[in-house]
Amino acid sequence: QVQLVESGGGLVQAGGSLRLSCAASGRIWSITVMNWYRQAAGKQRELVATITYGGGTNYEESVKGRFTISRDNAKNTVYLQMNSLKPEDTAVYCCNLKVRAGWDAAPYEYWGQGTQVTVSP
């Protein structure tokens with residue numbers, strides 16, 4: 001079993017910054033892909049950013065140039081640095097990790113508990 005602990009959400013004014021963290025622990029051989037999703041009130045969940053084990057990244061169009069996803073494989077942790085925040089970034093942010101428990105195990109998907117990010121005008 002794997003546990004995910006998120007931190008770093010909160011209330012910030014437009015133009016401000018926040019850094020989210022998601023730390024995984026438990027039976028982990030490797031984490032192939034790490035994602036950050038968000039869901040605003042009344043809207044569907046959307047994929048914000050992705051980082052592969054090798055460090056390749058991809059971003060949702062509206063956050064390109066403002067958000068940076070990174071990972072520390074030694075700590076099994078993924079980060080989301082969010083700069084130049086806008087009110088439309090307000091949402092619950094969740095990490096999503098694809099974890100392999102062994103060299104011959106298929107990746108299994110785990111979700112964080114979610115952290116609220118609120119950006120005031």
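This is a predicted model: local features need pLDDT of at least 70, side-chain atom pairs count only at pLDDT 80 or more; totals for chains, interfaces and linings use all residues.
Buried here means under 20% relative accessible area, exposed means over 50%, and partly exposed is anything in between, worked out with a 1.4 Å probe on protein chains only. Residues are numbered from 1 along each chain as its sequence is written, and side-chain values use heavy atoms, with hydrogens and water left out.

**Cysteines**

- There is 1 disulfide in the structure, a disulfide being a pair of cysteine sulfur atoms within 2.5 Å.
- The partners are Cys22 and Cys95, with 2.0 Å between their sulfur atoms, and the link is right-handed, with 55° about the S-S bond.
- This pair links distant parts of the chain, as Cys22 sits in strand E3 (residues 18-26) and Cys95 in strand E9 (residues 91-100), 73 residues apart. Strand labels (E, at least two residues) and helix labels (H or I, at least four) come from DSSP runs, numbered from the N terminus.
- Both Cys22 and Cys95 are buried.
- What about Cys94, and how far off is the nearest cysteine sulfur? Cys94 is in no disulfide, and the sulfur of Cys95 is 7.2 Å away.
- Cys94 is buried too, at 17% relative accessible area.

**Salt bridges**

- The count is 6 salt bridges, where a salt bridge is a side-chain nitrogen of Lys or Arg within 4 Å of a carboxyl oxygen of Asp or Glu.
- Arg38 and Asp89 make one of them, at 3.0 Å from N to O. The two come from distant parts of the chain: Arg38 is in strand E4 (residues 30-39), Asp89 is in the loop between strand E8 (77-82) and E9, and they are 51 residues apart.
- Asp89 also forms a salt bridge with Arg66, and here the closest N and O atoms are 2.7 Å apart. Arg66 lies in the loop between strand E6 (57-59) and strand E7 (67-72), while Asp89 is in the loop between E8 and E9, so this pair ties together parts that are 23 residues apart in sequence.
- Are Arg38 and Asp89 buried or exposed? Both are buried, with Asp89 at a relative accessible area of 1%.
- Arg66 is buried as well, at 9%.
- Through shared partners, salt bridges join Arg38, Glu46, Glu60, Arg66 and Asp89 into one network.
- Lys64 and Glu61 form another salt bridge, with the closest N and O atoms 3.1 Å apart. Lys64 is partly exposed at 44% relative accessibility, whereas Glu61 is exposed at 57%.

**Aromatic rings**

- The structure has 2 aromatic pairs. Rings of Phe, Tyr and Trp (its six-membered ring) pair if their centres lie within 6.5 Å; planes under 30 degrees apart are stacked, over 60 edge-to-face, and the rest tilted.
- Tyr37 and Trp111 form a tilted pair, 5.0 Å from centre to centre with 50° between the planes.
- Tyr37 belongs to strand E4 and Trp111 to strand E10 (residues 108-111), so the pair ties together parts that are 74 residues apart in sequence.
- Tyr37 is buried, with a relative accessible area of 17%.
- Arg45 lies over the face of Tyr37, 5.4 Å from the ring centre. A charge counts as over a ring if NZ of Lys or CZ of Arg is within 6 Å of the ring centre and within 35 degrees of the ring normal.
- The charged end of Arg19 likewise sits over the ring of Tyr79, 4.0 Å from its centre.

**Core and contacts**

- The largest nonpolar core has 30 residues, and Trp36, Val78, Leu80, Met82, Tyr93 and Leu97 touch the most other members. Such a core is a set of buried Ala, Val, Leu, Ile, Met, Phe, Trp, Tyr and Cys residues joined through side-chain atoms within 4.5 Å.
- Strands that each supply at least two residues of this core include E1 (2-7), E5 (46-52) and E11 (115-120).
- Which strand gives the most to this core? That is E9, with 5 residues.
- Leaving aside neighbours within four places in sequence, Leu80 has contacts that include Leu18, Trp36, Val48, Phe67, Ile69 and Tyr93, with contact meaning heavy atoms within 4.5 Å.
- Ser21, in strand E3, is buried at 16% relative accessibility. Beyond its neighbours within four places in sequence, Ser21 is in contact with Val5, Glu6, Ser7, Trp36, Val78 and Tyr79.
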